[in-house]
Amino acid sequence: MPVRRVALVTGAGSGLGRAVALALGADGYAVVCAGRRAGRVAETAGEIRSAGGEAVGVPLDVTVTERVDAVVAEVAASYGRLDVLVNNAGVFRKAEIVDLDDEAWRETVDANLTGAFLCARAAARQMTGQEPVAGERGHIVNVNSGAGLRGYPTGAAYSASKFGLLGLSDTLRQELAGRHVKVTDLVVAAMVKSELSNRADPDRLEASVVGDLVRDLLRLRGAAVVTRLDLGQLPAS
């Protein structure tokens with residue numbers, strides 16, 4: 001009987017995280033939907049279960065080390081392993097440098113970069129110690145942004161955090177490859193419907209596009225790994 005694969009998705013209460021969780025639930029994963037808003041992640045998990053999948057919602061502030069470690073430990077205790085971490089939780093604070101205050105800077109870097117580090121570290125500690133399945137012990141997907149490749153006005157905090165995530169992904173990939181843990185930096189440079197942006201734009205892609213992309217990415221088995229994937233968008237007609 002095949003081993004059931006287990007995924008932890010952060011920021012799963014809305015937007016891209018919710019879309020990824022739904023796609024993985026439909027693809028047969030047991031999905032742990034994590035996020036700061038307990039009610040919202042419970043709704044995502046409930047939707048997966050209503051469709052016949054397996055999921056739970058857990059409250060998680062990715063900036064709190066003890067809570068991150070506890071959630072990963074709970075996943076391992078409940079399911080016996082953790083196959084996938086999707087680092088998606090994040091915040092977006094917009095201001096020019098002369099107006100950007102300390103709180104907005106710290107909140108952005110803490111959530112987007114430090115939170116990703118804490119989750120990746122806890123996941124890597126679990127993954128490297130478990131038995132491989134189909135040649136791999138686990139897969140960490142860091143959801144990045146076009147802001148992690150180029151800066152832009154009013155984006156000092158967000159862009160700095162996402163550039164940092166790119167460097168974190170590159171380092172993790174090299175450190176963990178020999179232990180059969182994959183790392184992918186998923187750069188979402190397209191305009192996607194999300195709560196991080198309040199702009200009403202009919203040309204924005206549905207969040208489900210990213211969910212389906214992550215699902216397909218994770219279907220690669222064995223030694224195959226996409227190290228970085230850039231999602232772009234054709235210009236409006």
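Helix α2 (residues 38–50) has 13 residues and spans 18 Å from first to last C-alpha, close to the 18 Å expected at 1.5 Å a residue. The expected span is 1.5 Å times one less than the number of residues in the helix. Helices (H or I, at least four residues) and strands (E, at least two) are DSSP runs, numbered from the N terminus. The model is predicted: local features need pLDDT of at least 70, side-chain atom pairs count only at pLDDT 80 or more, and totals for chains, interfaces and linings use all residues. Residues are numbered from 1 along each chain as its sequence is written, and side-chain values use heavy atoms, with hydrogens and water left out.

Within α2, the residues V41, T44, A45, G46 and I48 are buried. Buried means under 20% relative accessible area, exposed over 50%, and partly exposed in between (1.4 Å probe, protein chains only). The cover over these buried residues includes α1 (15–26), β2 (30–35) and β3 (54–59). G52 follows α2 and has a positive phi, near 100 degrees.

The chain as a whole holds 6 helices and 7 strands. From the N terminus, the order of elements is β-α-β-α-β-α-β-α-β-α-β-α-β. Along its principal axes, the C-alpha trace spans about 55 × 35 × 35 Å.

Of the 237 residues, 47% are buried. Contacts are defined by heavy atoms within 4.5 Å. Among contacts with a separation of 6 or more, 68% join residues 24 or more positions apart. The accessible surface comes to about 11100 Å², and carbon and sulfur atoms hold 53% of that area. Areas come from the Shrake-Rupley method with a 1.4 Å probe; for residues, only the protein chains shown count as cover.

Charge was also examined. The chain carries 27 positive and 28 negative side chains, and the centres of the two sets lie 4 Å apart. Lys and Arg count as positive and Asp and Glu as negative, while His and the chain ends are not counted. Each charge is placed at NZ of Lys, CZ of Arg, CG of Asp or CD of Glu.

T10 lies in strand β1 (residues 6–10). T10 is buried, with a relative accessible area of 1%. Leaving aside residues up to four places away in sequence, T10 touches G17, A34, L60, V62, L85, V86, N87, N88, A89 and C119.
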